[in-house]
Amino acid sequence: MRVLFAGTPAVAVPSLNALVEAGFDVVAVLTRPDAPIGRKRVLTPSPVAARAAELGIDVIRASRVDAEATARIAEAAPDVAAIVAYGGLVPPAALGIPRHGWVNLHFSLLPAWRGAAPVQRAVMAGDDITGAVTFQLEEGLDTGPVFGTLTETVGQEDTAGELLERLSRSGAVLLAQTLSAIQAGKASAVPQSGDVSLAPKLTLEDGRLNWTHPALAISRQARGVTPEPGAWTILGGQRVKLEPVRLRSDVDGLAPGAVSLHRKSVLVGTGSHAVELTRIQPAGKKMMSAADWARGLASLEGVVFE
């Protein structure tokens with residue numbers, strides 16, 4: 001079966017690999033254009049484009065599926081298209097090209113967390129269980145009928161990045177199984193059911209910690225925005241980046257945002273009990289342990305995060 005694969009970030013690479021290893025004829029890859037990376041802003045292929053080049057697969061670079069991209073997809077003549085975090089909408093003209101349509105691997109238990117940041121929003125909301133589904137792509141936002149589902153426990157210390165990495169590997173297996181079922185004529189998609197929730201793309205502001213919130217909410221938020229866009233706060237009028245914090249229910253009485261040293265641990269007050277800083281990146285400096293940062297200050301007295 002001829003397959004078009006659409007995807008862009010590193011989490012889509014395991015799916016591309018899985019389809020190739022399963023013996024599918026991946027005739028082309030659709031991905032976002034090369035993007036400037038790093039301080040020197042070097043134009044760099046997407047992780048999916050780089051892997052496709054290694055595999056000798058034709059690459060279609062397009063920031064959106066416009067008329068030109070649609071024409072190239074039609075030239076590839078796929079029987080089915082598999083899409084994993086491509087980063088753009090697929091218009092009706094392109095949806096109708098493969099005879100089996102487009103199969104989307106989405107990292108949530110639909111209809112929960114429809115949108116661009118399902119794993120991040122699940123962590124921030126404190127979900128205990130999440131997962132991934134394969135579904136038939138249609139014009140609505142992640143509304144199509146579901147072929148297959150897997151579940152994954154959200155660990156108490158999981159960051160969005162860690163959870164997404166696990167789901168990218170297990171989801172790749174699910175995607176290959178779904179396409180195998182379609183090829184064999186045994187696939188059956190069922191309509192979504194349950195409560196709908198939305199997972200819009202994260203912005204920089206989603207990473208700003210509000211120290212008046214309870215410690216658990218702050219911990220979930222920090223883990224949900226790690227690694228991108230990252231957790232941060234304001235100190236002395238400048239933005240300070242933070243890695244996920246640890247809950248310290250044994251310490252209370254600190255005012256929200258107040259920083260204190262407690263038995264060699266750097267603690268911050270919240271709307272409930274304290275949290276412990278792990279690593280911090282002051283403005284203009286590299287990420288460092290919270291203990292090293294504290295040692296570099298004359299005193300933590302009067303240090304307050306905003």
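Guide: A crossing of two helices is left-handed if the near helix is turned anticlockwise from the far one by less than a right angle, and right-handed if it is turned clockwise. The model is predicted, so local features need pLDDT of at least 70 and side-chain atom pairs count only at pLDDT 80 or more, while totals for chains, interfaces and linings use all residues. Residues are numbered from 1 along each chain as its sequence is written, and side-chain values use heavy atoms, with hydrogens and water left out.

Visitor: Which hand does the crossing of H1 and H6 have?
Guide: H1 passes H6 in a right-handed crossing. Helices (H or I, at least four residues) and strands (E, at least two) are DSSP runs, numbered from the N terminus; here H1 covers residues 13–21 and H6 covers residues 160–183.

Visitor: What makes H1 oblique to H6?
Guide: Their axes come within 8 Å and cross at roughly 40°. Axes are lines fitted to C-alpha atoms, for helices over the stretch in contact, and angles run from 0 to 180 degrees between N-to-C directions. Angles under 35 degrees count as roughly parallel, over 145 as roughly antiparallel, 65 to 115 as roughly perpendicular, and the rest as oblique. The crossing at roughly 40° therefore makes H1 oblique to H6.

Visitor: Which residues of H1 and H6 meet?
Guide: Pro14, Ser15, Ala18 and Leu19 of H1 meet Ser168, Arg169, Ala172, Leu175, Ala176 and Leu179 of H6, contact meaning heavy atoms within 4.5 Å. By class, these are 7 nonpolar, 2 polar and 1 charged residues. Nonpolar here means Ala, Val, Leu, Ile, Met, Phe, Trp, Tyr, Cys and Pro; Asp, Glu, Lys and Arg are charged, and the others, Gly among them, are polar.

Visitor: Why is H1 called roughly parallel to H2?
Guide: The axes of H1 and H2 (residues 47–55) come within 9 Å and cross at roughly 25°. That angle makes H1 roughly parallel to H2. Val13, Leu16, Asn17 and Val20 of H1 make the contact with Pro47, Val48, Arg51, Ala52 and Leu55 of H2. These residues divide into 7 nonpolar, 1 polar and 1 charged.

Visitor: What makes S12 and S13 edge strands?
Guide: An open sheet of 4 strands has the order S12-S15-S14-S13, with antiparallel pairing. S12 (246–248) and S13 (259–262) each have a single partner strand, so one side of each is left without a neighbour in the sheet. The twist averages 40° from one strand to the next.

Visitor: How do you know that S13 and S14 pair?
Guide: Two strands pair if DSSP finds at least two bridges between them. S13 and S14 (residues 265–268) have 4 bridges in the antiparallel sense, and Leu261 has Val266 in S14 as its bridge partner.
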